[in-house]
Amino acid sequence: MEGFLISKTVFTSCELGVFDVLLAAERPLSAEEISQAVGASLDGTQRLLAACAGLQLLNTHWDNGQVFYSNTEQSRVFLTRSSPLSLCQSIQYSSRTIYLCWHYLTDAVREGRNQYEKAFGVSSKDLFQALYRSDEEMVKFMHLMNSIWNICGRDVVTAFDLTPFKVICDLGGCSGALAKQCTLAYPECTVTIFDLPKVVRVSGEHFVTEADQRISFHEGDFFKDSLPVADLYILARILHDWTDERCIELLCRIYKACKPGGAVLLVEALLNEDGSGPLTAQLYSLNMLVQTEGRERTGAQYAALLAASGFTNIQHRLTGKIYDAVLGHKETD
């Protein structure tokens, strides 16, 4: 129960803009000042701030018997909207979308399928039609992915030395955050983001600028449309959305398009081979149950999918962070 209460405390504080108000003030503020700034009751604000201080998300300062609050370094970096490493959009997506699906976790476990129809009244026959059921929802999801790769991206693109691969295609590349990490880590590469037309449109409007000269876009559905020829294909948090059959279908399409001597890089939260952990990956697998058609897998399970699609010399690397990397190669002619 405590985990649920902690999550909702963080969600509410971000939604109200508590950390943003404190950042803008550039000095500690009283509960009364914060309540007025965020448009909330004084009593409710006092309780919320006390809980945030207990979670070590706020510092407390006492002056003449009155408490004042300021951001901790952690909240300033991750919980203010203007920070380059902000998780605010990710937190908002968790609060307003993922939590609603998790309300039906019992049904998901009983039925073995996602819960979009119960949570939102939309069919999940087409998974991404459900995920992107409105432009607002799509942008929230893209901000979620953007914040993930801003924080975790460099770890996964440097888990293997990708220097030999000059032409990279990021399938389902969404906001382009991982593509940017690739161009930063490998100055000689170019990256094509392949995604649905409406995702490409929003990426170009909000995430990828003209300054990102080595990043380009290609519109399409990777299950239906021709894939760009590349040395390396990246599938970051893609295969965990799908069944084994659909994964092999996609990987076979990639194998056909891939240049001889090229490769595919999978970025996923790997389960231990005996399924004993990590806890984060186990919880993510439950999230895949309530939200998608897929699951989290072990390194060996991803290797089996790659092998079934023709890839060889398959290796995986643990980053020590949330996401890990699996690399499979296409033999030279």
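Modeller: The model is predicted, so local features need pLDDT of at least 70, side-chain atom pairs count only at pLDDT 80 or more, and totals for chains, interfaces and linings use all residues. Residues are numbered from 1 along each chain as its sequence is written, and side-chain values use heavy atoms, with hydrogens and water left out.

Biologist: Why is Gln-291 called buried?

Modeller: Buried means under 20% relative accessible area, exposed means over 50%, and partly exposed lies in between (1.4 Å probe, protein chains only). Gln-291 has 5% relative accessibility, so Gln-291 counts as buried.

Biologist: What makes the pair of Gln-291 and Tyr-116 a polar contact?

Modeller: A polar contact is a pair of N or O atoms within 3.5 Å; within protein, one must be able to donate a hydrogen and the other to accept it, and residues adjacent in sequence count only if both atoms are side-chain atoms. The side chains of Gln-291 and Tyr-116 make such a contact at 2.9 Å.

Biologist: Which residue does UniProt list for "active site"?

Modeller: The unreviewed UniProt entry lists His-240. UniProt positions are given in the numbering used here, feature names are shortened, and annotations may be inferred rather than shown by experiment.

Biologist: Is His-240 buried or exposed?

Modeller: His-240 has 2% relative accessibility, so His-240 counts as buried. A polar atom of its side chain lies 3.3 Å from the backbone oxygen of Arg-237.

Biologist: What makes Asp-20 and Arg-81 a salt bridge?

Modeller: A salt bridge needs a side-chain nitrogen of Lys or Arg within 4 Å of a carboxyl oxygen of Asp or Glu. The side chains of Asp-20 and Arg-81 meet at 2.5 Å, N to O. This pair links distant parts of the chain, 61 residues apart.

Biologist: Why is Asp-20 called buried?

Modeller: The relative accessible area of Asp-20 is 19%, so Asp-20 is buried. Arg-81 has 48%, so Arg-81 is partly exposed.

Biologist: How do you know that Arg-47 counts as exposed?

Modeller: Arg-47 has 58% relative accessibility, so Arg-47 counts as exposed. Its salt-bridge partner is Asp-43, at 2.8 Å, N to O. Asp-43 has 41%, so Asp-43 is partly exposed.

Biologist: What joins Glu-111, Arg-113 and Lys-118 into one network?

Modeller: Arg-113 and Glu-111 meet in a salt bridge at 3.4 Å, N to O. Salt bridges that share partners join Glu-111, Arg-113 and Lys-118.

How values were computed: Helix = DSSP H or I, 4+ residues; strand = E, 2+ residues; numbered from the N terminus.
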